[in-house]
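Visitor: Could you walk me through this model, one feature at a time?
Guide: Gladly; have a look at it first.

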Amino acid sequence: MNNGQLVTMMMSLLLMQGAHAQNVKISAIPSPEFTEVESLKTGAFKPVAELGTLKFPLNAQTEKSEGTLVFNAAGERYRIGRADVTLQNETLVVDACKTVPVILAQDARSATVKGAGEGCQ
């Protein structure tokens, strides 16, 4: 195998790795009465509260570049917005002064923080 073939194979593997869904665990859905999910079977939307009692953490999979997660509940698969859930081991930033800003080269997501840009004391 020459260097060109090796580079092509490595690039293919890297591209394939980014295309796979990531498994995550949903630890909470903060406002189930106001948050809607989409049934993958019918395409119908309904409030999370209508799904019945959910047992957390819920296993879910990310969808490629959709900003959504897919999970199972009541024998059916549902899609929910990533911003509508709290993932396991995730911390909500409420005070920007107590955090260290970090930018990850492979992470294209961004977030806003209440009070960002204000002076810390």
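**Reading the model feature by feature**

Guide: At 77% relative accessibility, N89 counts as exposed. Please keep in mind that this is a predicted model.

Visitor: Where is N89 found, and what is its phi near?
Guide: N89 sits in the segment that follows β7 (86-87). Its phi is near 65°, which is a positive value in a residue other than glycine.

Visitor: Which value does phi of A74 come near?
Guide: Phi of A74 is near 50°, again positive in a residue that is not glycine. You will find A74 in the loop between β5 (68-73) and β6 (76-81).

Visitor: Is A74 buried or exposed?
Guide: A residue counts as exposed when its relative accessible area is over 50%. A74 has a relative accessible area of 71%, so A74 is exposed.

Visitor: Let us turn to the strands. How do strands of a sheet pair?
Guide: They pair through backbone hydrogen bonds, in either a parallel or an antiparallel sense. Here, seven strands form an open sheet with antiparallel pairing, in the order β3-β2-β6-β5-β4-β1-β7. The edge strands are β3 and β7, as each of them pairs on one side only.

Visitor: How many bridges are there between β1 and β4?
Guide: β1 and β4 are paired over four bridges, in the antiparallel sense.

Visitor: Which residues does a cis peptide bond join?
Guide: That bond joins F56 and P57, and omega is about 5° there. P57 belongs to the loop between β3 (45-47) and β4 (58-62).

Visitor: And T35: where does it lie?
Guide: T35 lies in the loop that runs between β1 (23-28) and β2 (36-39).

Visitor: Is T35 buried or exposed?
Guide: The cut-off for buried is under 20% relative accessible area. T35 is buried because its relative accessible area is 8%.

Visitor: What is T35 in contact with, leaving aside its neighbours within four places in sequence?
Guide: With those neighbours left aside, T35 is in contact with I29, K46, P47, V48, I80 and D84.

Visitor: Which backbone oxygen does the side chain of T35 reach?
Guide: The side chain of T35 reaches the backbone oxygen of S31, at 2.8 Å.

Visitor: Could you set the loop residues side by side for me?
Guide: Of course: T35 is buried, at 8% relative accessible area, whereas A74 is exposed, at 71%.

How values were computed. Residues numbered from 1 in each chain as written. Predicted model: local features only at pLDDT ≥ 70, side-chain atom pairs only at ≥ 80, totals over all residues. Heavy atoms only, no water. Helix = DSSP H or I, 4+ residues; strand = E, 2+ residues; numbered from the N terminus. Buried < 20%, exposed > 50% of the residue type's maximum accessible area, 1.4 Å probe, protein only. Polar contact = N/O pair within 3.5 Å; in protein donor to acceptor, adjacent residues only side chain to side chain. Contact = heavy atoms within 4.5 Å. Pairing = 2+ DSSP bridges.
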